[in-house]
Amino acid sequence: MSHHSTVDYPQLDITDLYIFRKPDDPTRTILIMNVNPFAPTRAATFDTETSYEFKLDGDGDAQAEVAFHVFFSPAEAGQQTATVYRATGTDAHSTGRIGEIIIRDAPVSFDSVARITTA
């Protein structure tokens with residue numbers, strides 16, 4: 001049995017992280033985070049106060065130079081959106097709604113239909 005079925009707050013359960021170069025453009029990197037594996041069975045929304053984060057250290061000093069912070073809106077009519085912030089420099093060391101918004105109000109998928117947002 002998976003440990004995910006015993007998590008008290010499944011909407012905070014980060015199950016997988018994937019990081020790889022974009023196949024047709026090696027100057028770009030793709031970041032994927034899987035969260036809330038039992039949506040909507042055990043949790044029908046993402047937590048609105050949690051910062052789901054990628055912190056990237058490019059020079060090996062154990063300090064992030066770039067951070068991506070993802071926040072979810074409150075649910076309305078069974079739907080949520082996500083906003084992504086990109087923080088650099090010393091702002092990348094912090095947590096929260098910090099930095100430039102690079103994706104605003106992207107629709108969130110709770111079923112097998114992917115909702116893709118590009119920015």
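This is a predicted model: local features need pLDDT of at least 70, side-chain atom pairs count only at pLDDT 80 or more; totals for chains, interfaces and linings use all residues.
Q: Which other residue has a positive phi although it is not a glycine, and where does it lie?
A: A62 has a positive phi of about 65 degrees and is not a glycine. A62 belongs to the loop between strand 3 and strand 4. With a relative accessibility of 67%, A62 counts as exposed, whereas D105 is partly exposed.

Q: Which residues are in contact with A106, leaving aside neighbours within four places in sequence?
A: The contacts of A106 beyond that range are Q80, T81, A82 and T117. For A82, the separation along the chain is 24 residues, while the C-alpha atoms of A106 and A82 are 5.0 Å apart.

Q: How many bridges join strand 3 to strand 4, and how many join strand 4 to strand 5?
A: Strand 3 is joined by 5 bridges to strand 4 (residues 66–72), and the two run antiparallel. Within this pairing, K55 stands opposite A67 in strand 4. Between strand 4 and strand 5 (residues 81–88) there are 7 bridges, again with an antiparallel run. Here H69 is placed opposite Y85 in strand 5.

Q: What joins strand 5 to strand 6, and which residue of strand 6 is the bridge partner of V84?
A: Strand 5 and strand 6 run antiparallel and are joined by 5 bridges. The bridge partner of V84 is I103 in strand 6. As a general idea, side chains in a regular strand alternate between the two faces of the sheet.

Q: How many salt bridges does the model contain?
A: Side chains of opposite charge can pair when their charged atoms come close. In this chain the count comes to 2 salt bridges.

Q: Which residues form them, and how far apart are the closest N and O atoms?
A: K55 is partly exposed at 37% relative accessibility, and E53 is partly exposed at 22%. The other links D25 and R28, where the closest N and O atoms are 3.6 Å apart. D25 counts as partly exposed at 22% relative accessibility, whereas R28, at 52%, counts as exposed.

Q: Which residues form a nonpolar patch on the surface?
A: The patch consists of Y18, F20 and I32, which together have about 250 Å² of accessible area. I32 is found in strand 2 (residues 25–35). With a relative accessible area of 31%, I32 is partly exposed.

Q: Where is the place of L12, and which residues are in contact with L12 beyond its neighbours within four places in sequence?
A: L12 lies in the segment before strand 1 (14–22) and is partly exposed, with a relative accessible area of 36%. Beyond those neighbours, L12 is in contact with D47, T50 and Y52. L12 and D47 are 35 residues apart in sequence, yet their C-alpha atoms are 6.9 Å apart in space.

Q: What do the totals for the chain say about contacts, burial and surface?
A: Among contacts with a separation of 6 or more, 36% are between residues 24 or more positions apart. Of the 119 residues in the chain, 28% are buried. The accessible surface of the chain comes to about 7800 Å², and 52% of this surface belongs to carbon and sulfur atoms.

Definitions and conventions: Residues are numbered from 1 along each chain as its sequence is written. Side-chain values use heavy atoms; hydrogens and water are left out. Two strands pair if DSSP finds at least two bridges between them. Helices (H or I, at least four residues) and strands (E, at least two) are DSSP runs, numbered from the N terminus. Patches are made of residues with over 30% relative accessible area and no salt bridge: like charges are joined within 9 Å, nonpolar side chains (Val, Leu, Ile, Met, Phe, Trp, Tyr) within 5 Å. Accessible areas come from the Shrake-Rupley method with a 1.4 Å probe; for residues, only the protein chains shown count as cover. A salt bridge is a side-chain nitrogen of Lys or Arg within 4 Å of a carboxyl oxygen of Asp or Glu. Buried means under 20% relative accessible area, exposed over 50%, partly exposed in between (1.4 Å probe, protein chains only). Contact means heavy atoms within 4.5 Å.
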